[in-house]
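Thanks for coming. I have one model to go through today, so please look at the screen.

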Amino acid sequence: MKDSNQFQMSRRGVLAAGVAAGVTATMGASLAAAADAANGQILRAIPSTGERLPVVGVGTNAFGVTAPDELAAIREVLRTMPDQGGKVIDTARSYGSSEEVIGRLLAELGNRDRFFLATKTAMRADFSTGAAVLDDCFQRLQVSRIDLLQIHNFGGFDELMPHFIEYKQAGKIRYIGCSTSEDRQYPQMLEAMEKHKLDFIQIDYSIGNRGAAERILPLARDKGIAVLINVPFGGRGRSFFPRVAGKPLPDFASEIGATTWAQFFLKFIIANPAVTAAIPGTTTTEYLRDNQSAGRGIVPNAAQVRRMEEYWDALPS
Ligand SMILES: NC(=O)c1ccc[n+]([C@@H]2O[C@H](COP(=O)([O-])OP(=O)(O)OC[C@H]3O[C@@H](n4cnc5c(N)ncnc54)[C@H](OP(=O)(O)O)[C@@H]3O)[C@@H](O)[C@H]2O)c1
């Protein structure tokens, strides 16, 4: 695995980020100074508008549940998240009934406006037009406005993009972007970032998977594109937690404000100044409290990030 060059960016990128954030110093630990949201969440600016988001949200690929106890747990996550300072919810058309569950629960809770609602879709064979594919997202989520719509894994990118632009111009979508969690799609991601006016990208990046820090995250900084980080713990079903089960945190974890492994992993991600928000899969209020805590307090500096990488790389797999 190559070293991450996460603290490098061009002068143009520094200026773009600085203007958007309304700050001049945006690197490393100084980002902690941007914490002023509810509950002290660290905020990061979306470069295309300057709107600021808390650095830890939730991913919802496991929200497509029907069992009453699982639904109740997810309802509690969505009910309590805003008061903890969280805002970003990421879902997708392909996550079973996740969009529908979120739409139903937010309508019932009456708190949709407290969230930044992001979803993803690809072109679908069961719809005759790209516009119909987009309309389906609104219906499933029961909303008239989607904060961020992303083209999922480049499925039908060229066909969908004109509709994304049209819907954004009409004010139905506030931001547009595209996502992947596959290295093999990184060349497509880089091309899309160069050729299209994207507000956001969504990419896989974590302490155990640092490839995005080589070119994609620096380019996002340069181009002024906001970044959501998916699979921050390595992904459901292949997460890092078994690897650290029963292992104490390293002594230096207290220096970066991490009291659990989840916080350690998330602190690593938010240390990269290109990152706008990480979206860990969060199905319980216990996980929510833990993950949201990582979005407060200290942001590791470059030396601390190096130590985290060295520690992780030396752990038996
Ligand atoms: N191509 C794409 O665009 C793409 C691809 C994949 C994912 N995503 C997005 O990324 C989000 C996150 O991915 P993911 O959920 O697969 O993987 P993840 O966030 O890396 O990991 C989720 C796993 O971590 C566990 N977990 C969560 N919080 C924890 C905590 N505080 N302590 C201990 N364990 C914890 C969960 O446990 P449980 O199993 O107990 O719930 C689950 O197994 C998805 O929900 C989705 O929104 C996007």
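In β6, T121 has I151 as its bridge partner. β5 and strand β6, residues 146-152, pair in the parallel sense over four bridges; strands count as paired if DSSP finds at least two bridges between them. From β5 the chain crosses through helix α4, residues 130-141, to β6, and this β-α-β crossover is right-handed. Right-handed here means that, with the strands pointing away from the viewer, the path from the first strand over the helix to the second runs clockwise. Helices (H or I, at least four residues) and strands (E, at least two) are DSSP runs, numbered from the N terminus.

Before I go on: this is a predicted model, in which local features need pLDDT of at least 70, side-chain atom pairs count only at pLDDT 80 or more, and totals for chains, interfaces and linings use all residues. Residues are numbered from 1 along each chain as its sequence is written.

Now the other neighbour of β5. Strand β4, residues 88-90, pairs with β5 in the parallel sense over three bridges, and I89 stands opposite L117 in β5. The path from β4 to β5 runs through helix α3, residues 98-109, and this β-α-β crossover is right-handed.

How many residues of strand β5 are buried? Six of the six, across residues 116-121, so the strand is largely enclosed by the rest of the structure. Buried means 20 or more other C-beta atoms within 10 Å of the residue's own, with C-beta atoms placed from the backbone. In a regular strand, side chains alternate between the two faces of the sheet. Both faces of β5 are covered, with F116, A118 and K120 buried on one side and L117, T119 and T121 on the other. Of the 317 residues of the chain, 48% count as buried.

Next, the ligand. It is surrounded by 30 residues, the closest being G59, N230, F233, A262 and G281; the criterion is a C-beta atom, placed from the backbone, within 6 Å. Helix α10, residues 285-293, gives the most to this shell, with three residues.

Last, confidence. The mean pLDDT of the chain is 90, and 88% of its residues reach 70 or more; pLDDT is the predictor's confidence in each residue, from 0 to 100. Confidence is lowest in helix α1, residues 11-21, at a mean of 38, and highest in strand β9, residues 226-230, at 99. Over residues 1-37 the pLDDT is below 50.

Technical notes. Two residues are in contact if their C-beta atoms, placed from the backbone, lie within 7 Å. A residue is buried if 20 or more other C-beta atoms lie within 10 Å of its own, exposed if 12 or fewer, and partly exposed in between; C-beta atoms are placed from the backbone.
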